[in-house]
Amino acid sequence: MAELVQRYLDEILAEHADVADGMLADYIPELTRVDTAKCGLALELTDGYVYESGDAATEFTIQSISKPFTYALALDGIGRDAVDTKIGVEPSGEPFNEISVDDQTKTPKNPMINAGAIAAVSLIPASSPQDRFAQILDFYSACAGRRLEVDEGVYASEKASNSRNRAIAYMLQSFGVLDDDPDEVLDVYVRQCAIRVTSADLAGMASTLARGGVNPTSGRRAISPAAVQRTLSVMMTCGMYDSTGDWVTSVGMPAKSGVGGGILAVLPGQLGIGVYSPLLDANGNSVRGVRVCRSLSAELGLHFLSVTRESRSTIRATRDVAPRIRVYELHGDLLFAGAEQALRTVENDSAAVDVAILEVSRVDDINDIARGMLAGMRQSLNESGKEGFLVDPDRRVMPTGSRSAGAVVYATVEEAIEAARAYRDVQTGSANWVG
Ligand code: DON
């Protein structure tokens, strides 16, 4: 059943296979030594299940996607009020590397532009720059769920061509934002930007934010819920720089891009996304990455403002009504993540179950993608010699029509059980066998 979702992701990536617009970030020379054809996508559910498509294992540098994580570390390190005295939370309306501070407060406008990100580094309590970087690397690794490393080539390349960020760091010192040595702070910032990740790592980091700060694979808390909330808020308003308005309306997930070609997006409570494609638009966002995210949001129904009441607690109960026949009672509002969870549960049970009956009469609301997934369940089950039925008394959840094509729908659980018994008996060649 997971292959149903896998197919959706592969198709979305294939839709954008020909996109070749955009430019590499040549102000960091080492970033031009990449294969521009690479394109990776990973999606991690908040229970830690990962889907990967395309070049999801290709490594690239995290660049600005580091910014929300260092900001979160600063929030947990010294508290929100102390951070707020040094970094604002307003969109800047300027390029990410603008040499500017807020007119009134004389502090960086937000932590997603370079000025705010450099300030955030300086706020992490540490005994030395080495200690500060070690904390950052440990923290990103805990969020990604594996040990991350620095790309020394990219680090050296940015370090050697870093006049603009030096100007920003010294400006911040002159305004009293940086208490530590600007060159030392900047060195940590450049190292954090050069940390290597894959799309799958980004999906894990995003999923950690989606789960309120707990890494889904390790089950360990990496960030406090309050820091996650604040960080996601700033990602929402400032994460995609001057394309933020377009991003929020067309994709609708807190996100962060990096000039390495990565994009990380979070659907709180549900999933995290990592995308990679190196060619960038004028704002420094991956051209193909943005298009893939638009399609994902539209086709899987991921816009955060369309998230309804109960997106996680989908399976209310399961009942074994006869040998190898199980009824799954679904409830609440069924969106992509809920349908994915239901289908994966059915798949995980398949060693013990021949016929899965999904009782959907208590589902309040369902979107098109979830409807298509439930309808597609039967075909996936059939391919492995199993069967799946739906119970939808007034066909409110699965109306007759193309989106429900392939689904076998009964009006009552009893009717579905009867059909399940008949199916099982034919399969086992034991029509007289009493189940
Ligand atoms: O400081 C810089 O300019 C880079 N290390 C990071 C910039 C970046 O990724 C902007 N985002 N799209």
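The buried residues of helix 7 are covered by elements that include helix 4 (114-122), helix 6 (152-159) and helix 8 (182-193), where contact means heavy atoms within 4.5 Å and helices are DSSP runs (H or I, at least four residues) numbered from the N terminus. The model is predicted, so that local features need pLDDT of at least 70 and side-chain atom pairs count only at pLDDT 80 or more, whereas totals for chains, interfaces and linings use all residues. Residues are numbered from 1 along each chain as its sequence is written, and side-chain values use heavy atoms, with hydrogens and water left out.

Helix 7 (residues 163-174) comprises 12 residues and reaches 16 Å from its first C-alpha to its last, close to the 16 Å expected at 1.5 Å a residue. Its buried residues (under 20% relative accessible area, 1.4 Å probe, protein chains only) are Asn165, Ile168, Ala169, Met171 and Leu172. These cover an arc of only 160 degrees around the axis and therefore lie on the same side of helix 7. Ser163 and Ser174, on the other side, are exposed, that is, over 50%. Just after helix 7, Gly176 adopts a positive phi of about 80 degrees.

A further helix pair is formed by helix 1 (residues 2-15) and helix 13 (residues 336-348), whose axes come within 8 Å and cross at roughly 140 degrees. The two helices are therefore oblique to each other. Ala2, Glu3, Leu4 and Val5 of helix 1 make the contact with Phe336, Glu340, Leu343 and Glu347 of helix 13.

Conventions
Axes are lines fitted to C-alpha atoms, for helices over the stretch in contact, and angles run from 0 to 180 degrees between N-to-C directions. Angles under 35 degrees count as roughly parallel, over 145 as roughly antiparallel, 65 to 115 as roughly perpendicular and the rest as oblique. The expected span of a helix is 1.5 Å times one less than its number of residues. The arc is that of the directions from the helix axis to the C-beta atoms.
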